[in-house]
Amino acid sequence: MGLHTGEAELRDGDYFGSTLNRCARLMSIGDGGQILLSNATGTLVMVGLPGDTDLFDLGVHRLPDLARPERIFQLRSRGARSDFPPLRSLDYFPGELPIVLTSFVGRERELQSVVDASAKSRIVTVIGVGGVGKTRLALQAAAEMLPGFADGAWFCELASIADRDAVPEAVATCLAVTQRSS
């Protein structure tokens, strides 16, 4: 369960907005039976908790599709399970994906196409003119697929590579792979 405090907007009988997005991302990194609270909610409730409950600070975590990291608390109560695995935030998985500064909105179809193509092929190329959001789309796809890759995901910036023969070295550097003598 994830709890976050903020305003939501009502549209056509349903709620939407960044508050619900943050809450959904919070829920997505927890384990069944675990109650996670955002910093906003934790701050509001920590002084009024019953004597047999407390908030355990799980630290600051990067959540998929959110620009800023979130301090997360776990609600604990006497007699309830409290030994959960580590949160499955972007920080939990190996690799290095940059923090994105924008929300990902309105391109779900394109995102699903990249995710589907990645399931069928080892290499997927996203093409288009400059500035249309290819990198943002690829980063979102990587963040969404990250839990399925135990070895993690890395972002290797190749835009500045002018010589195609330099690409393998740039990727090796990104992955911290060193050459061994045979």
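Visitor: How much space lies in the largest pocket?
Guide: This is a predicted model. Its largest pocket holds a space of about 1200 Å³.

Visitor: Which residues that line the largest pocket are the closest to its centre?
Guide: The lining of this pocket counts 27 residues. Five of them are named as the closest to the centre: Val 124, Ala 138, Ala 142, Trp 154 and Cys 156.

Visitor: How do the residues of the lining of the largest pocket divide into nonpolar, polar and charged?
Guide: Trp, Ala, Val and Cys all count as nonpolar here. Across the lining of the largest pocket, the residues divide into 20 nonpolar, four polar and three charged.

Visitor: What about the second largest pocket: which residues are the closest to its centre?
Guide: This pocket has about 160 Å³ of space. It is lined by 13 residues. The closest to its centre are Arg 25, Asp 65, Phe 104, Val 105 and Glu 108.

Visitor: Which elements give two or more residues to the lining of the second largest pocket, and what is the lining by class?
Guide: The elements are helix 1 (18-28), helix 3 and helix 4. By class, the lining has three nonpolar, six polar and four charged residues.

Visitor: Where is Met 145, and which residues does Met 145 touch?
Guide: Met 145 sits in helix 4, which covers residues 134-145. Set aside residues up to four places away in sequence. Met 145 then touches Val 115 and Ser 118.

Visitor: What distance separates the C-alpha atoms of Met 145 and Ser 118?
Guide: The two residues are 27 residues apart along the chain. They touch, with heavy atoms within 4.5 Å. Their C-alpha atoms are separated by 9.1 Å.

Visitor: Is Ser 89 buried or exposed?
Guide: Ser 89 lies in the loop between strand 6 (70-77) and strand 7 (95-96). Its relative accessible area is 1%. Buried means under 20%, so Ser 89 is buried.

Visitor: With which side chain does the side chain of Ser 89 make a polar contact?
Guide: Leave aside neighbours within four places in sequence, and Ser 89 is in contact with Ile 29, His 61, Arg 62 and Leu 63. The polar contact between side chains is at 2.9 Å. The partner is His 61.

Note on methods. Residues numbered from 1 in each chain as written. Predicted model: local features only at pLDDT ≥ 70, side-chain atom pairs only at ≥ 80, totals over all residues. Heavy atoms only, no water. Helix = DSSP H or I, 4+ residues; strand = E, 2+ residues; numbered from the N terminus. 1 Å grid on protein atoms, 1.4 Å probe; cavity = no way out; pocket = protein on both sides within 12 Å on 5 of 7 lines; lining within 4 Å. Points joined across faces, edges and corners; volume = space filled by probe spheres on them. Buried < 20%, exposed > 50% of the residue type's maximum accessible area, 1.4 Å probe, protein only. Polar contact = N/O pair within 3.5 Å; in protein donor to acceptor, adjacent residues only side chain to side chain.
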